[in-house]
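Here are a few quick notes from my read-through, as numbered points. Have the coordinates open while you go.

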Amino acid sequence: TQMITKGLDLPNLSVVGIINADSGLLMPDFSASERTYQLISQVVGRVGRGHRPGTVILQTYSPESQVLSYALTQDYQSFYTHELAERQTYRFPPFCHIVRLTCLRATSKSAEAAATSLKQAIEKKFPGLVIEGPSPTFHPKESGKYKWQLVIKNPSRTVLAELVKQLPSGWHHDLDPTELL
């Protein structure tokens, strides 16, 4: 699927099948719908450019998915409206700023304890922040160590930047990440 989206002009391409088209929607990330929409709508745009009509066959476990429907019909405006409403409901960009804090520790228990301790310290020093976690990251091990995270949301980027300045050593941050994977 991704090879077809790379901008090649394939005039004889008239049929494309997309297997497990909804798998990208299952990723635990606020930009998953956007990436899925983009990929499918690009494929739809490549099919049938030649002298014959095109057909896209989409395999999905979620045929009721609005994102898939918008992508198949290349209805960007409806997708955009839907996606903005979702992001506003769950406090994701552009309706708030996010900082992702991660730590690496030798054991999962020590990583969880460090994340819990930092969360409590942040709650005391910066009341009113939305803090999700602690939880293992999507890829829970890195370089043989366990990786845990906190995801912090706030309308003020300045508050999050101040928090980042005060992080203890051993913590990494990503302010305004484009994804949370």
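1. A term before we start: buried stands for under 20% relative accessible area and exposed for over 50%. Keep in mind that this is a predicted model.

2. With that in hand, look at the outward face of helix 3. Q77 and T89 are the exposed residues on the face turned away from the buried side of helix 3.

3. The buried set in helix 3 consists of F79, H82, E83 and R87. They sit on the same side of helix 3, because the arc they cover around the axis is only 130 degrees. Their packing partners are helix 1 (32-46) and helix 2 (66-72).

4. The length of helix 3 checks out. After helix 3 comes R91, with a positive phi near 55 degrees.

5. How do helix 1 and helix 3 pack, in angle and axis distance? The angle is about 170 degrees, and the axes lie 11 Å apart. Angles over 145 degrees count as roughly antiparallel, so helix 1 is roughly antiparallel to helix 3. On the helix 1 side, S33, E34 and Y37 make the contact, and they meet Y76, F79, E83 and R87 of helix 3.

6. On the cysteines: there are zero disulfides in the structure. C96 is buried at 7% relative accessible area, and C103 is buried too, at 0%.

How values were computed. Residues are numbered from 1 along each chain as its sequence is written. This is a predicted model: local features need pLDDT of at least 70, side-chain atom pairs count only at pLDDT 80 or more; totals for chains, interfaces and linings use all residues. Side-chain values use heavy atoms; hydrogens and water are left out. Buried means under 20% relative accessible area, exposed over 50%, partly exposed in between (1.4 Å probe, protein chains only). Helices (H or I, at least four residues) and strands (E, at least two) are DSSP runs, numbered from the N terminus. The arc is that of the directions from the helix axis to the C-beta atoms. Contact means heavy atoms within 4.5 Å. A disulfide is a pair of cysteine sulfur atoms within 2.5 Å. Axes are lines fitted to C-alpha atoms, for helices over the stretch in contact, and angles run from 0 to 180 degrees between N-to-C directions. Angles under 35 degrees count as roughly parallel, over 145 as roughly antiparallel, 65 to 115 as roughly perpendicular and the rest as oblique.
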